[in-house]
Every structure is written in structure tokens, then in C-alpha cells.
Amino acid sequence: MAPLISIERLSVAFNGVPVLRGVDLSLQQGEALGLVGESGSGKSVTWLAALGLLPRQAKVTGSVRLDGREILGAPAAELDRVRGGRVAMIFQDPASALNPVLTIRRQLCEALALHRDLSGEAVKAEARRLLDVVGIPDAKRRIEAYPHEFSGGQVQRIMIAMALAGHPDLLIADEPTTALDATIQAQILDLLATIRREMGMAMVLISHDLGVVAENCDRVAVMYAGRIVEEAPANQIFADPVHPYAQGLIGALPPLDGPRRRLTAIPGTVPDPARMPAGCAFAPRCSLAAEPCCVAAPSLAPISDGRSVACIRAEASRRALLGMAAE
Amino acid sequence: MTTPLVEVASISRSYSMRSGMFGRNTAVHAVDGVSLAIRKGETLGLVGESGSGKSTTGRIVLGLEPPDRGDVRFGGKPMAAPGTPAWRAQRARMQMIFQDPLGALDRRLPVAAQIREPLDIHGLGTSAEREERVRELLRAVELTPAHGVRYPGALSGGQRQRVVLARALATKPDFLVCDEPVSALDVSIQAQVVNLLCDLQAQLELTLLFISHDLRVVRQISNIVAVMYLGRIVEIGNADDLFARPEHPYTQALVSASPAPGRRSAGRIVLSGDPPNPAARPQGCAFHPRCPRAIARCAVETPVLAVVGADRQVACHLVTGPQAETRDAA
């Protein structure tokens with residue numbers, strides 16, 4: 001089956017400093033892909049670059065195909081139909097994504113008028129319907145309210161309603177629940193899952209929270225320093241992570257039940273993009289690093305069905321993990 | 001049993017807030033009758049969502065803000081009046097760590113000078129001793145003297161939080177209030193700081209009040225955990241036991257809402273309704289409008305913390321009321 005969207009060798013540099021260094025990703029119709037990594041790993045930049053949302057000084061190379069058509073560097077008119085229409089995006093800070101001096105109705109109707117052939121009463125009716133879909137109570141009256149009259153969770157619901165206005169095939173959710181309280185986060189994730197099921201929409205969930213990604217995605221890609229280091233089905237990556245960085249991330253997460261153990265922290269910090277080490281970017285922090293790791297950056301290679309890893313020590317890393325389990 | 005190092009007896013604090021330009025002043029009860037006791041060398045974790053009053057509780061315990069009612073005792077003695085020498089001496093024994101290390105540090109001063117500042121303020125040691133103490137503190141938080149000469153802007157987030165920690169430890173305090181100390185850090189760096197905090201606590205016999213919304217981090221570091229909802233403690237107990245067997249419906253929802261790798265969201269309790277608004281506290285049990293198990297009594301009568309089991313207190317009619325007994329019988 002042809003993928004809905006496929007990204008190949010996508011690279012981004014800001015003022016000559018590479019921040020994204022060759023990302024390959026593809027997404028099937030209706031699939032949910034999780035993108036995890038720490039700040040600066042390039043999770044958000046990947047999608048901002050793919051949709052042509054980066055400022056002009058960013059140098060973007062590679063290829064992004066939507067249904068086989070190249071959209072990287074496509075003319076503005078074509079991108080306008082893609083963004084908000086075929087692919088919608090929601091962000092971490094919903095409050096700053098809405099205009100504070102316009103009513104919700106104005107902003108929702110604007111999105112509808114841009115992407116749908118609706119006019120007059122039909123637009124308003126559709127706006128009300130969307131608010132109902134995302135669970136804003138009393139939509140008929142609340143639609144005339146301003147953003148500040150809603151709570152944080154409700155504002156994110158409104159952002160989701162606006163994202164749905166163009167009937168997108170793909171929703172990019174960039175840390176959609178990071179600013180929200182735990183019980184509200186559960187509500188929003190529940191809503192996204194319901195909408196995805198009902199509309200058959202594909203989703204990319206960008207998050208630093210491994211738990212959020214694990215529970216809401218089919219497949220997970222782990223990013224480090226501008227590259228994908230491991231890609232696997234969601235249930236496998238947590239049970240059996242292969243890349244030392246993925247293992248480190250999971251080991252660093254305190255357990256919520258069972259005995260307490262000392263957290264296995266990854267030593268050091270993420271490398272500065274302007275002074276990237278030669279070879280594997282994770283090698284300076286990696287306990288399994290060997291000499292060849294510092295020579296050439298490993299490429300993402302398949303290791304089994306649906307799994308790929310960018311690590312020349314993948315076998316050793318796996319053995320180390322199994323050895324630990326056997327002890 | 002020894003007397004606790006920190007004792008908090010039914011403290012309350014309300015602020016007045018005006019709604020709209022001509023609106024009437026309304027009282028917001030940020031903290032409402034909170035009692036806590038922390039024994040020396042132990043960590044009490046305080047969890048809750050935004051607006052639950054956990055930070056205000058931390059500020060009152062530290063004496064940064066006076067309570068309207070109730071009192072705080074430190075080392076068996078009541079808190080001294082602010083500004084007095086006794087207060088200064090007491091304050092040197094208790095310190096605070098905030099969420100945003102960049103906001104807590106002066107951007108125009110090398111970090112070693114900032115770690116030294118509390119020593120200067122409290123007049124501890126000679127100049128040479130202070131220099132030595134700064135080197136010792138940098139080592140304790142796993143930084144090098146080379147880090148000391150840098151400015152906060154030249155350090156990473158994790159390194160900045162280590163500097164804040166070093167500064168807080170400068171006066172050899174007995175008690176630390178940590179308000180979301182690792183929430184702004186990436187997972188791998190968060191683990192480094194949590195490990196460091198655990199090590200330092202064991203070495204220095206520190207007593208901690210650890211405030212966070214992150215249940216995992218709180219469980220990792222705490223002996224006792226208190227769950228707050230709209231200014232009140234709704235459940236308190238042993239950390240492991242509380243997260244394994246939460247009794248209060250709100251704690252149950254919080255634990256269930258915490259995403260876990262390898263578990264699909266089946267069976268998750270998703271609360272309906274909005275996050276609580278401290279300015280419009282519901283009658284009766286503040287949680288009843290969102291509670292999936294609320295009964296008529298919950299809307300009328302405010303439940304109080306009651307002992308259930310060896311190591312647990314819960315404020316919920318369903319757990320402590322007659323219903324609970326019939327449930328057990330059935």
C-alpha cells in the first residue's frame with residue numbers, strides 16, 4: 001500500500017548549523033505514529049519543515065511526498081490546500097495559537113471558509129457541530145465567547161475542532177497535552193483517540209512523554225540529535241528497546257508500581273548542534289560505545305519485521321539487556 | 001516516636017480576587033485546613049493539579065507567606081516573627097528550590113558567586129572557608145570548578161538546577177522545600193537530578209517537602225505522599241502503598257491517568273468536567289461534581305480526613321462512611 005506521507009532524507013540547517021540530519025519516515029492511512037525525544041532532538045522541526053512552516057533562513061533539503069506528490073518547496077497556493085486541509089497541526093500552547101480578541105465563532109468560521117465550500121448559515125452550523133464533536137458543552141451559546149473564557153483543556157479542544165475543520169487525513173499533534181493537568185490530559189488523549197477512530201484519520205503524536213506515546217500510537221520513532229535512532233511497534237519498543245539511547249530513556253523513567261530502583265540516568269547532555277561529534281551523536285554518552293562508533297554515523301537499518309535501529313552495537317546492546325534480565 | 005522536624009497544624013490561606021472591572025471581591029481559599037508532619041530525614045511528597053494549593057502550602061511551610069489560620073512548627077518551636085535574628089537563624093536551616101532554575105539565578109553573575117551568596121548573607125565562615133565551601137558544594141552536585149566561573153546562560157538546564165541545589169545546600173540546611181524541581185528537565189536529565197537529590201538526602205540527612213504533579217517522580221523520592229485537591233488534603237499515606245491501592249476516587253483517577261509504557265488505555269478512569277476552580281469551590285466535597293461515584297451526601301457534607309488502615313488517611317464519605325461498611329459486608 002502506498003504511504004499517505006513519506007519523508008526521505010529530510011535535513012534542516014539554521015544559519016549553517018544542522019539541526020535535522022537526514023530523517024526518513026513514512027505513515028500509512030489511518031496510522032498513529034509517535035515521535036519521542038528530548039528537547040532539541042528535532043521532533044517538531046521535522047514536521048514544521050515538511051509543511052514549509054520554517055522561516056526563510058532555514059535551509060531544508062530532502063523530499064516530502066503526500067500521496068506521491070512532492071510538497072517540499074511546492075508553490076504557496078498548493079501548500080495552502082495541504083496545510084489545514086489535508087494535514088492539520090495542533091500545538092503545545094493552545095492559548096497562544098488562538099487570537100484573543102476574536103470570538104471562537106469568528107476563528108472557527110474562518111478555518112471552515114478557507115477549507116470547505118460552505119457559506120452563510122451552513123458555516124455556523126458546522127462550527128457548532130465541531131464544538132459538539134470535541135465536547136464543548138452548550139456549544140450554541142459558548143461559540144460567541146472569547147478564548148480567555150475557556151479553561152486550558154477546553155482551549156485545546158477548540159484547537160482540535162479548528163484542526164478538524166478541513167477534514168484532514170493527517171493530524172500532527174505537537175505536545176498537545178504537555179501544558180495540561182493529568183486528569184485533563186487523559187480527557188484530551190481520549191478525545192483524540194475517539195476522533196481518530198471515527199474519522200479514520202492518521203496522527204503523528206509528538207511528545208517527550210514515553211508513556212503518552214506508548215499508549216496512543218501504533219508505531220514509535222525515537223529521535224536523538226536530529227536523527228531517528230530507533231523505530232518499532234509501540235508495544236515492542238518498551239518491552240525490548242535496542243538502541244542504547246532508547247534503553248536509557250526507558251530506564252530513566254521512574255516506575256509507578258513495583259519495587260523502587262535507582263534510576264539509570266544517561267550521563268552527560270545532548271551535544272550542541274554546532275559541535276556535533278564525528279560518528280554516532282550518542283557515542284559520547286553511550287556505555288557501549290566502541291572505536292568504530294566515533295568514525296561514521298550509523299544509518300537506520302532493519303533488524304526484524306517492522307523494526308529498525310541506527311546502531312552498530314545493536315547486537316551487543318541487546319545482549320547487554322538480556323544479560324541484565326538474566327541476572 | 002520522636003517529634004517531627006516540621007509540623008503544620010491546620011493552616012489556611014485565602015486571597016481576595018476581583019472578577020471583572022466592577023466585580024465584587026471574592027475569597028479564593030488556596031489552602032484550607034492543611035495539617036502535615038515530616039520526620040527528620042524523610043520526604044513528604046505533595047501531589048495535585050494546578051490550583052490545588054500545593055505551592056502555597058510549600059510557601060507557608062517555609063515562612064515566605066503567613067497563614068491566615070493555623071501554625072507551622074520547625075524543630076518543635078513555632079516559626080519566629082519575620083525580620084528578627086531568630087527568624088534569620090531559622091531561615092538558614094530551611095531552603096527552597098523552584099521549577100525554573102534560570103529564573104532563580106542571576107544571569108549576570110558567575111554561578112560560583114551565587115552559590116557563595118547565602119554564606120555571605122548569613123555570615124558563615126571566613127573568606128577562605130567560603131571559597132572552600134563553594135568548591136565542596138560544586139563537587140557535591142557533580143559539577144567542576146570550571147562550571148563555577150560560567151554564567152547561568154552558558155550552562156544546560158540540568159546543570160543550572162544543580163547550581164540552584166548547591167546554593168540551597170550552602171548553609172547546611174536541615175529542610176528543603178522543592179517545588180517542581182525537575183518538571184522543566186528532559187527525562188534523561190531529570191533522572192540525573194532525582195538520583196542526585198536522593199544521594200544528597202541520604203548523605204546529609206535532609207528532610208524534604210517535595211511538590212510535584214508528576215506521580216512517578218514523587219513516588220521515586222517520597223516516603224509519605226499527600227494528595228491535594230482544591231486546597232485540602234484528600235488522601236495521605238505511605239508512598240508505595242498509596243499508588244498501589246489508592247482509596248480516594250480522585251487519587252484513583254490520578255493514578256489511572258498517569259500513562260504507563262506497555263499498557264494500553266483500556267480501563268482508564270477519564271474524569272468528566274473541568275479542572276477545579278479555587279474561586280468557585282463546590283459545596284460539600286469539592287471533588288463531587290467530577291466524582292464518578294458521588295452520592296447525595298457528598299454534595300452537602302464536607303468529608304474530613306479519617307484514618308483507614310494502618311498507614312492511611314482519606315477524606316471521602318464513600319471510603320469512611322456507612323456505605324463503605326455495607327460494601328465490605330457485601
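## The interface between the chains

The model is predicted. The contact draws 41 residues from chain A and 42 residues from chain B. The size of an interface is often given as the accessible area lost when the parts come together. Here chains A and B bury about 3600 Å² between them. Carbon and sulfur atoms account for 51% of that area.

Two salt bridges are counted between chain B and chain A. One of them joins the side chains of Arg262(A) and Asp199(B), at 2.9 Å from N to O.

## Chain B's side of the contact

H8(B) supplies the largest share, eight residues. Sorted by class, this side of chain B has 19 nonpolar, twelve polar and eleven charged residues.

Arg9(A) sits in strand S1 of chain A, residues 5–14. Its phi is near 45 degrees, a positive value in a residue other than glycine. Is Arg9(A) buried or exposed? Arg9(A) has a relative accessibility of 52%, so it counts as exposed. The cut-off for exposed is over 50%.

Glu180(B) also has a positive phi, near 50 degrees, and is not glycine. Glu180(B) lies in the loop between strand S7 (175–179) and H8 of chain B. Its relative accessibility is 9%, so Glu180(B) counts as buried. The cut-off for buried is under 20%.

Strand S10 of chain B spans residues 232–238. How many of its seven residues are buried? Five are, and the strand is mostly covered.

S10(B) pairs with strand S9 (residues 224–229) of chain B. The two run antiparallel over six bridges. In one pairing, Ile224(B) has Asn238(B) in S10(B) as its bridge partner. S9(B) and S10(B) form a hairpin with two residues between the strands. In that hairpin, Leu230(B) takes a positive phi near 45 degrees.

S10(B) is also joined to strand S12 (residues 312–314) of chain B. This pair is antiparallel too, with three bridges. Gly237(B) stands opposite Arg312(B) in S12(B).

Methods:
Residues numbered from 1 in each chain as written. Chains lettered and ligands numbered in written order. Predicted model: local features only at pLDDT ≥ 70, side-chain atom pairs only at ≥ 80, totals over all residues. Heavy atoms only, no water. Contact = heavy atoms within 4.5 Å. Buried area = accessible area lost by both parts, 1.4 Å probe. Salt bridge = Lys/Arg side-chain N within 4 Å of Asp/Glu carboxyl O. Helix = DSSP H or I, 4+ residues; strand = E, 2+ residues; numbered from the N terminus. Nonpolar A, V, L, I, M, F, W, Y, C, P; charged D, E, K, R; others polar. Buried < 20%, exposed > 50% of the residue type's maximum accessible area, 1.4 Å probe, protein only. Pairing = 2+ DSSP bridges.
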